[in-house]
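Colleague: I am new to reading structures. Could you take me through this one, feature by feature?

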Amino acid sequence: MPTSRNGGGGPPAISAVGLRKSYGGKTVLDGIDLRVPAGSVFALLGPNGAGKTTAVKTLSTLIGADGGQAQVAGHDVASAPDRVRAAIGVTGQFSAVDGLITGTENMLLMADLNHLSRREGKRVIAELLERFDLGDAADKPVQSYSGGMKRRLDIAMTLVGSPRIIFLDEPTTGLDPRARHNMWGIVRELVANGVTVFLTTQYLDEAEELADRIAVLDNGKIVAEGSAEELKRMIPGGHIRLRFTDPSAYQSAASALREVQRDDEALALQIPSGGSQRELRSVLDRLDSAGIEADELTVHTPDLDDVFFALTDGNVPTQAQEAAR
Ligand SMILES: Nc1ncnc2c1ncn2[C@@H]1O[C@H](COP(=O)(O)OP(=O)(O)OP(=O)(O)O)[C@@H](O)[C@H]1O
């Protein structure tokens, strides 16, 4: 289930139109459009080298775009980078965590950068270290931390400045399942406190678990965008399955419905469907008119893995391309 309840309206915390970036002759972002409502979680999903980190770096003003426009927290990234930086936190592959000093010392550096008084800094740091379960390790050098602890410290450091928008670049890559779940809990907590989260990930389950909206980035282009459910409906493979215990009801249903695939042994019928309410209603109406009741009805949609492979192998279904426009 997505983390926030704000998947739709509201002013955008992040927006981009036609964002472009090349390195040498290589186009990395090929004109991407994004809109992330405040208080929502947006996942940029893509395989290695798709351009996810480049998108985060561009939106967080770490590098300049070659074309297009982007606004973050209401400020233009090109003309007001300082204002953007004051409103955001960035963690991930280029994190500011220094391994040679302790967790507390890393946090103190962030408190200084954010101009907190010594007293206020110490209060905030103690609270964050506790919240991220780093209290016991606070006075040990960070190089002795596990991967999960380093990621947690990275986020805690970002939160010293109380940003309203946080970019998480592959927050769980390389973490074990427990640490991944911890990280998901942290993201949920951030969003419950009203923070907008822009995360990049290679993991479909992560995008599905956390994000209100998911954009699939492939070769620098957004090839599809929507909720996990919307994305699943973009590719074929979904169906409605009806199961019967009464063979005569099964036979009647098979004749009453169109395009059915029969499984005579299981007394089950499969009808191709994108899983929409309209399609489901049409099947139920036909059964009702014929006076038939199924014993079991299930709707199967392709999983996000199917979507990802269908969309990122260079063979994007027309329907998905249209939906992405
Ligand atoms: N500073 C740079 N100079 C030249 N090429 C770069 C630079 N940064 C990134 N690239 C190239 O841009 C492409 C996209 O890189 P990017 O790091 O944005 O992808 P990514 O989707 O984040 O991948 P990953 O999941 O592997 O981190 C890659 O081919 C990469 O080699």
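Modeller: Start with a term. Helices are DSSP runs of H or I with at least four residues, numbered from the N terminus. Keep in mind that this is a predicted model.

Colleague: Which helix gives the most to the shell around the ligand?

Modeller: Helix H1, residues 52-59, does, with three residues.

Colleague: Which residues surround the ligand?

Modeller: Tyr23, Val28 and Gly46 are among them.

Colleague: Now the helix pair. How are two packed helices described?

Modeller: By the angle between their axes and the distance between the axes. Here, take H3 (residues 103-113) and H4 (residues 118-131). Their angle is about 130°, and their axes lie 10 Å apart.

Colleague: What do we call that arrangement of H3 and H4?

Modeller: Roughly antiparallel needs an angle over 145 degrees, and roughly perpendicular runs from 65 to 115. H3 and H4 are therefore oblique to each other. The crossing of H3 past H4 is right-handed.

Colleague: Which residues meet there?

Modeller: H3 brings Gly103, Thr104, Met107, Leu108 and Ala111. H4 brings Gly121, Val124, Ile125, Leu128 and Leu129. By class, this contact has seven nonpolar residues, three polar and no charged ones.

Colleague: Last, what are the domains of the chain?

Modeller: The domain assignment gives domain 1 as 12-227 and domain 2 as 239-300. Taken over C-alpha atoms, their centres are 46 Å apart.

Note on methods:
Residues numbered from 1 in each chain as written. Predicted model: local features only at pLDDT ≥ 70, side-chain atom pairs only at ≥ 80, totals over all residues. Near = placed C-beta within 6 Å. Helix = DSSP H or I, 4+ residues; strand = E, 2+ residues; numbered from the N terminus. Domains from an automatic or database assignment. Axes fitted to C-alpha atoms, helices over the stretch in contact; angles between N-to-C directions. Parallel < 35°, antiparallel > 145°, perpendicular 65-115°, else oblique. Left-handed = near helix turned anticlockwise from the far one by under 90°. Contact = placed C-beta atoms within 7 Å. Nonpolar A, V, L, I, M, F, W, Y, C, P; charged D, E, K, R; others polar.
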